[in-house]
Amino acid sequence: MHLIQVDSVQRWMEDLKLMTDCECMCILQSKPISIEKDEQKELILSSQYSTCDNLQLLLKRAWIISTELTRIAQKLEKNRWQRVHSMTVRVNCHVRSMINEYNAFTRNSSEEMHQFEKFLIDKCSEFTAFTERCIQTEDEQILKSMKSCINETLTTVAQYFGQLIELVLTHEAQNLLRQIELSDSMYTTESAISSLFSLTQEGARLCRIIAKEGGVVALFKICRQDCFRCLYPQTLRTLASICCVEEGMHQLEKVDGILCLADILTDNTHSEATHAEAAAVIAQITSPHLTFTQHLSSFLENMEEIVTALVKLCQEASSGEVFLLASAALANITFFDTMACEILLQLNAMKILLAACSDKHIVDTPYSRDQVVTILANMSVLDQCASEIIQGNGVQLLMEMLFERPSSGNSAEVAACERVQQKSAVTLARLSRDPEVADAAVKLSCIPRLIKLCRSPAERNNSDSVLVACLVALRRLAVMSPDGLEESDFQQLVKPRLVDSFLLCTNMEESFV
């Protein structure tokens, strides 16, 4: 009797969720009860989001719809018709809720937007009707013939949804930029910039929209007005986010953004926070990971001023965060143009950076050390660099960096530690062409440490790039000091071809087992 009651109730609930009107489902926040194993994976927008910022609520709803559409396609492939229909009903509800919520707080929405709203709602209704017919038949031939229609409708729904979201986000970006451009109120401008920054954190797509709508132009306009000086840090932080996309970089070039940044960095009346955020923008636009920095011709014209200001910021940094931003910008610039290394040498940057590394309050993370050793590695190609390293006790610092270990299992920190080890070995290899540097490295027991890194995968976190760098450094030091190696180390790590030694070391862990 107990089993009959449970089955009846569950069956009633299953039927109810499929027969309930969409309006009711919206009120219930789309919480159908499922008896399937993946019921916990259902994406539900809780009523707790009703107090959140309207635009964030819209983005959350859009993310749910997008994810649900992907899951519907997956269930459709497996012919899970019951599941496909229940998820389609839920998407229908989310779409209607999203449109209603957006229309409740937006203003001046375009006719094109209303048209896409209608298209999307109609297509969602059609989609739901299709899937409802599928659960009412068990004929495999009919289901097979309907599957292509459902796939086509699903594709259309996804297209309309994507176009509507694009229009909505563009409209909201336009509203925020209009506020920034037209408002004389400090509070209104600050609020609009804050909202714009929040949008940039939602990904590259939104950054492209903001850039296309003139976001970079509007923000640099703020940075050229003294009355908004207190908003410079926030404005520059938003600019750094937008400039992660190519459209943002093109706009920056068009409005002479580099010149503006150079003016800010060299103006001693600005706060350290403003200088730090300007350095962050420089670090972003010169990132070696970006493929669209070649057009920054104006950067070369202002490079000496910028590099000088960044070195000064490193020297006077009051916190680890400020030093990290300034040193990251310098590190990227050394990749961007080789002339930067010569400027750094003239500015005694090596001495300043090495001195900063001895202050654990300033260079306090593997990320900061990664920036410093990147600069050292790129500068080490210059012959004059060796004497600077010796004078600043740089070989000792490089030796310490070979022992860099993460304080936690955080993947970003582990990767940073690997980069520090790799680049310190690269720098040692380059500098060891100078007998004085090589002699200092041997006296500091660099050879035993390099051997340890080669032979023990755990010491280098199983990193192949660290292994290659250490093998190269070891071979360079072995030329200068052959007596520092045991015969077995020489035969396995120095004498063979580099690739043979590499293969030996990568298989070493397995051979010990």
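Reader: In which helix is aspartate 489 found?

Author: Aspartate 489 belongs to helix α25, which covers residues 487-494; please keep in mind throughout that this is a predicted model.

Reader: Is aspartate 489 buried or exposed?

Author: A residue is called buried when its relative accessible area is under 20%, and aspartate 489, at 8% relative accessibility, therefore counts as buried. If we set aside the neighbours within four places in sequence, aspartate 489 is in contact with Ile451, Arg455 and Val494.

Reader: What share of the 513 residues in the protein chain is buried?

Author: Buried residues account for 50% of the 513 residues. The protein chain exposes about 24600 Å², and carbon and sulfur atoms supply 52% of that area.

Reader: How many helices and strands does the protein chain have?

Author: The secondary structure comes to 27 helices and zero strands. To see how the chain is brought together, one can look at contacts between residues at least 6 apart in sequence, and 72% of these join residues at least 24 apart.

Reader: Which residues make the nonpolar surface patch of about 180 Å²?

Author: That patch is made by Val468, Val472 and Leu498. Valine 468 sits in helix α24, and with a relative accessible area of 34% valine 468 is partly exposed.

Reader: Where is asparagine 462, and what is its phi?

Author: Asparagine 462 lies in the loop between α23 (446-455) and α24 (464-480), and it has a positive phi of about 60 degrees although it is not a glycine. At 47% relative accessibility, asparagine 462 counts as partly exposed. Asparagine 393 also deserves a look, for its phi is near 60 degrees, a positive value in a residue other than glycine, and its place is in the loop between α19 (385-391) and α20 (394-401).

Reader: How many disulfides does a search of the whole structure find?

Author: The search finds zero disulfides. A disulfide requires two cysteine sulfur atoms within 2.5 Å, and the sulfur of cysteine 244 is 4.1 Å from the closest cysteine sulfur, that of cysteine 207, so the two are too far apart for a bond.

Reader: How accessible are cysteine 244 and cysteine 446?

Author: Cysteine 244 is partly exposed, at 31% relative accessibility, whereas cysteine 446 is buried, at 0%.

Notes
Residues are numbered from 1 along each chain as its sequence is written. This is a predicted model: local features need pLDDT of at least 70, side-chain atom pairs count only at pLDDT 80 or more; totals for chains, interfaces and linings use all residues. Side-chain values use heavy atoms; hydrogens and water are left out. Helices (H or I, at least four residues) and strands (E, at least two) are DSSP runs, numbered from the N terminus. Buried means under 20% relative accessible area, exposed over 50%, partly exposed in between (1.4 Å probe, protein chains only). Contact means heavy atoms within 4.5 Å. Accessible areas come from the Shrake-Rupley method with a 1.4 Å probe; for residues, only the protein chains shown count as cover. Patches are made of residues with over 30% relative accessible area and no salt bridge: like charges are joined within 9 Å, nonpolar side chains (Val, Leu, Ile, Met, Phe, Trp, Tyr) within 5 Å. A salt bridge is a side-chain nitrogen of Lys or Arg within 4 Å of a carboxyl oxygen of Asp or Glu.
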